[in-house]
Amino acid sequence: MRLALAEAESAIAEGEVPVGCLIVRQGRIVARAHNLRESLNDPTAHAEILALRAAARSGGSWHLEGATAYVTVEPCCMCAGALVNARVERLVYGAADPKSGACESLFNVPQDRRLNHRLAVRGGVLADEAIALLRRFFEARRG
């Protein structure tokens, strides 16, 4: 998670909302990314989506069974759905997102029994650090 937080720091340096994501498989980091929505002018360029794309490319398959995603902030509906569709085994996230979190806060997409795949979820890991990054970013923007 500390490496995901470092990715979030990189997002701040680029003027992006500080969210970082790492995909780990068999004890090895296979992808890392941070938000790039502003830089790419792309509403889908969330850290999780970019990391999943990179992990699929690196492994030669969109099937990411056995992978763990480490994300600094609770994923939204789009990202939670992508984690399910990629067959990720486990999600570990930092800060809850009461406004758009889709893994425990508003919805529980990763464990919805109606879907064809479910993943284990653990939230709150280094949440204080993730929240501090978000606060720092938004306070600086408000001036």
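Visitor: What makes strand 1 and strand 2 a pair, and in which sense do they pair?

Guide: In this predicted model, strand 1 (residues 20–25) and strand 2 are joined by six bridges, in the antiparallel sense. Two strands pair if there are at least two bridges between them, so with six bridges strand 1 and strand 2 count as a pair. Along them, Val24 stands opposite Ile29, and Ile23 stands opposite Ala31.

Visitor: Why are strand 2 and strand 5 called edge strands?

Guide: The open sheet has five strands in the order 2-1-3-4-5, with mixed pairing. Strand 2 (28–34) and strand 5 (120–122) are the edge strands because each pairs on one side only. Neighbouring strands of the sheet are turned by 15° against each other on average, direction ignored.

Visitor: What makes strand 1 mostly covered?

Guide: Five of the six residues in strand 1 are buried. Buried means under 20% relative accessible area, so five of its six residues fall under that cut-off.

Visitor: Which helices lie on the sheet?

Guide: Helix 3 (residues 47–59) lies across strand 1, strand 2 and strand 3 (67–73), running at about 145° to strand 2. Helix 5 (residues 127–142) packs on the sheet too, touching strand 3 and strand 4 (90–95). The direction of helix 5 makes about 55° with that of strand 4.

Visitor: Why are helix 3 and helix 4 called roughly parallel?

Guide: Helix 3 and helix 4 pack at an angle of about 25°, with their axes 9 Å apart. Angles under 35 degrees count as roughly parallel, and the two helices are therefore roughly parallel to each other. Their crossing is left-handed. Where they meet, Glu48, Ile49 and Leu52 in helix 3 face Met78, Cys79, Ala82 and Leu83 in helix 4.

Visitor: Which residues have the most contacts inside the largest nonpolar core?

Guide: That core has 34 residues, and those with the most contacts inside it are Ile23, Leu52, Val88 and Leu91. Helix 3 supplies the largest share, six residues. Among the residues Val88 touches are Leu52, Leu83 and Leu119.

Notes: Residues are numbered from 1 along each chain as its sequence is written. This is a predicted model: local features need pLDDT of at least 70, side-chain atom pairs count only at pLDDT 80 or more; totals for chains, interfaces and linings use all residues. Side-chain values use heavy atoms; hydrogens and water are left out. Helices (H or I, at least four residues) and strands (E, at least two) are DSSP runs, numbered from the N terminus. Axes are lines fitted to C-alpha atoms, for helices over the stretch in contact, and angles run from 0 to 180 degrees between N-to-C directions. Contact means heavy atoms within 4.5 Å. A nonpolar core is a set of buried Ala, Val, Leu, Ile, Met, Phe, Trp, Tyr and Cys residues joined through side-chain atoms within 4.5 Å. Buried means under 20% relative accessible area, exposed over 50%, partly exposed in between (1.4 Å probe, protein chains only). Angles under 35 degrees count as roughly parallel, over 145 as roughly antiparallel, 65 to 115 as roughly perpendicular and the rest as oblique. A crossing is left-handed if the near helix is turned anticlockwise from the far one by less than a right angle, and right-handed if clockwise. Lists of a residue's contacts leave out its neighbours within four places in sequence.
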